[in-house]
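This report goes through the salt bridges, the nonpolar core and the nonpolar surface of one structure. The sequence and the model come first, and the description follows.

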Amino acid sequence: MTGGAPAQRQARAVRLGPRSVAALLLVSAVGVAGFGWPFLAPPDASLNAHAQDAPWLFAGLLVLLVAVVAATISESGLGPKAVAMLGVLAAAGAALRPIGAGTAGLEPMFFLMVLSGRVLGPGFGFVLGSVTMFASALLTGGVGPWMPFQMLSMGWFTMGAGLLPGPDRLRGRAELLMLAAYGFLAAFAYGTVMNLAGWTFMNTLASDIAFDPDASVPDNLARFVAYCLATSLGWDGGRAAMTVVLTLTLGTTLLKALRRATRRAAFEAPVTFEEAGEVSHPT
């Protein structure tokens with residue numbers, strides 16, 4: 001906490017309005033259906049009959065919806081200063097992601113997303129996470145049907161950091177521990193959610209842990225757990241550990257830098273026009 005000093009309200013790069021919230025809820029609902037349809041659709045549903053086509057359908061739908069959400073949030077107040085910061089952070093995140101590629105899931109990008117979402121808020125965080133993953137896919141050549149799912153998952157990941165409690169009052173070691181705990185759990189959640197997107201692409205004939213459209217929900221759940229343990233547990237653990245280590249060691253410095261940049265940008269300061277026609281920003 002900040003001791004006896006009065007809390008200073010943390011500026012937000014984007015203030016979510018009713019339309020932005022509605023768009024976020026819509027894309028999140030479609031995203032939940034896109035990720036979880038193997039467990040949500042009844043065994044005799046026609047969707048299961050098109051198990052190989054369904055991920056492509058949801059991928060195409062998600063990329064359109066994420067674009068709509070980004071446009072809606074931008075329309076609600078993503079000004080030029082916020083766009084500039086978005087570009088800088090997205091470029092930094094996209095550059096950080098390939099550093100640990102192929103090495104036990106050590107991806108420093110997640111640490112930057114957690115701290116940026118915390119300082120800049122959930123609306124900015126969702127756009128930042130989605131844009132960063134899109135830029136990273138273009139940079140690394142990782143464009144495919146999984147990309148829209150990655151964009152949505154990273155948007156959720158970064159937005160979640162912006163929804164953590166105490167943005168105006170919680171500071172110091174308590175805040176770092178909270179962010180480290182969130183980063184640890186969210187890193188595993190991200191990996192699990194992305195496993196759902198990739199699991200249905202496996203051919204049932206090639207593996208006994210692949211999704212089987214003719215199997216019951218408990219049987220497929222057992223298959224999915226086995227799939228996660230066999231394919232991604234090590235990667236998720238490495239991602240979670242690196243996020244915690246970087247948050248605890250570099251978090252204080254980066255949080256101060258982000259908050260200082262946010263104050264100087266004065267995202268929420270109104271623009272006034274003087275008689276001479278000059279534009280001034282209150283300090």
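## Salt bridges and burial

Asp236 counts as buried, because its relative accessibility is 4%; buried means under 20% relative accessible area, exposed over 50%, and partly exposed in between, with a 1.4 Å probe and protein chains only. The model is predicted, so local features need pLDDT of at least 70 and side-chain atom pairs count only at pLDDT 80 or more, while totals for chains, interfaces and linings use all residues. Residues are numbered from 1 along each chain as its sequence is written, and side-chain values use heavy atoms, leaving out hydrogens and water.

Asp236 forms a salt bridge with Arg239. A salt bridge here is a side-chain nitrogen of Lys or Arg within 4 Å of a carboxyl oxygen of Asp or Glu. By this rule there are five salt bridges.

| Asp236 | Arg239 | 2.8 Å |

Asp236 and Arg239 both lie in helix H10, three residues apart, which is about one turn of the helix. Helices (H or I, at least four residues) and strands (E, at least two) are DSSP runs, numbered from the N terminus. Glu107 is buried at 10% relative accessibility, and Arg239 is buried at 7%.

Glu175 counts as buried at 1% relative accessibility, and Arg118 counts as buried at 1%.

## The nonpolar core

In soluble globular proteins, nonpolar side chains tend to be buried together. A nonpolar core is a set of buried Ala, Val, Leu, Ile, Met, Phe, Trp, Tyr and Cys residues joined through side-chain atoms within 4.5 Å. The largest one in this model has 52 residues, of which Leu89, Phe124, Met154 and Phe157 touch the most other members. The elements that give two or more residues to this core include helix H1 (18-40), helix H4 (80-96), helix H7 (147-162) and helix H10 (233-265). H8 provides the largest share, 10 residues.

Contact means heavy atoms within 4.5 Å. Leaving aside neighbours within four places in sequence, Phe157 is in contact with Phe110, Met113, Val114, Tyr182, Ala186, Ala187 and Tyr190.

Thr247 lies in helix H10 and is buried at 0% relative accessibility. With neighbours within four places in sequence again left aside, Thr247 is in contact with Phe111, Leu115, Leu176, Leu179 and Ala180.

## A nonpolar surface patch

Which residues make the nonpolar surface patch of about 360 Å²? Leu221, Val225, Leu229 and Leu233 make it. Patches are made of residues with over 30% relative accessible area and no salt bridge; like charges are joined within 9 Å, and nonpolar side chains (Val, Leu, Ile, Met, Phe, Trp, Tyr) within 5 Å. Accessible areas come from the Shrake-Rupley method with a 1.4 Å probe, and for residues only the protein chains shown count as cover. H9 gives the most to the patch, with three residues. Leu233 lies in helix H10 and counts as partly exposed, because its relative accessibility is 43%.
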